[in-house]
Amino acid sequence: MKITRFLNKRSSLGIPYFLFMLCFVVAPLVIIVFFAFTDGNGHLTFDNFLRFVSNPKDLNTFVYSMVLSMITTLICLVVGYPIAYILSDSRLCKSQVMVILFIMPMMVNVLVRTLATVALFGWLHLPLGEGALIFGMVYNFLPFMIYPIYNVLNKLDKSYIEAAQDLGANPVQVFLKVVLPLSKEGIISGVMMVYMPTISTFAISELLTLNNIKLFGTTIQENINNGMWNYGAMLAVVMLVIIMVLNMFDKSPEEGGSEMGGLV
């Protein structure tokens, strides 16, 4: 009877999700952390971390991956914000079909999109390398920058813009003092959604550089594939820490009133 009453409660609907998270999220993370701070015999050690900080090759790969991800994220922001702004303005974009066209690439597997990029560069007789890698990452992750910004701009209360115009603000002032500050949550979300996957990608770099440029994700993959689970797990933990720190900046949207209060 107690089991029946418990299963009839609305809270019991969350049990399958809890079990899923426990098995496929929490447990893998615990295993990674365990391998990262143990040696081949299962003994607690910090040698894996010391090996990472004393290995110039892996440190250089890590720094290079972060810089390349920053460049990719910046390009996506510069290109994606105007697109999101145009898509959210009913005067400039009257059809939702354009929005769907920009979101559709997200429905295609990243490997398929990358292979198409390789074929495009081959058709244009362009060399594969760092430039192709940046182009490929921007192409693959640009929709992840556009959609969060578009979502925020589309829900933006237009009365704020009208109020600024009534107070004599020109279009540039309206954008810089009203639209841009109120869309910062979308910008932060877009930056997180682009930067975090680009810093850990490896398939894109392997295909678009013929494996001549290694990113940090490739280093993790190679160590695990070569049976060095403990060191590979430590590199993965370093990546997880970076992602967790970056994720702290992705705060929930504030109320529009408080935002406008800050503008005043």
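**Exercise 1.** How many residues does helix α6 have, and how far does α6 reach from its first C-alpha to its last?

*Solution.* The model is predicted, so local features need pLDDT of at least 70 and side-chain atom pairs count only at pLDDT 80 or more, while totals for chains, interfaces and linings use all residues. Residues are numbered from 1 along each chain as its sequence is written, and side-chain values use heavy atoms, without hydrogens and water.

Step 1. Helices are DSSP runs (H or I, at least four residues), numbered from the N terminus. Helix α6 covers residues 110–123, which gives 14 residues.

Step 2. The expected span is 1.5 Å times one less than the number of residues. For α6 the expected value is 20 Å, and the reach of 20 Å is close to it.

**Exercise 2.** Find which residues of α6 are buried, and what covers them.

*Solution.* Step 1. Buried means under 20% relative accessible area, exposed over 50%, partly exposed in between (1.4 Å probe, protein chains only). R113, T114, T117 and F121 are buried in α6.

Step 1. These residues line one face of the helix, because they fall within an arc of 100° seen down the axis of α6; the arc is that of the directions from the helix axis to the C-beta atoms.

Step 2. Their cover includes α7 (130–154) and α11 (203–208), with contact meaning heavy atoms within 4.5 Å.

**Exercise 3.** Locate the salt bridge in the structure.

*Solution.* Step 1. The criterion is a side-chain nitrogen of Lys or Arg within 4 Å of a carboxyl oxygen of Asp or Glu.

Step 1. K214 pairs with E222, with 2.9 Å between the closest N and O atoms.

Notes:
Helices (H or I, at least four residues) and strands (E, at least two) are DSSP runs, numbered from the N terminus.
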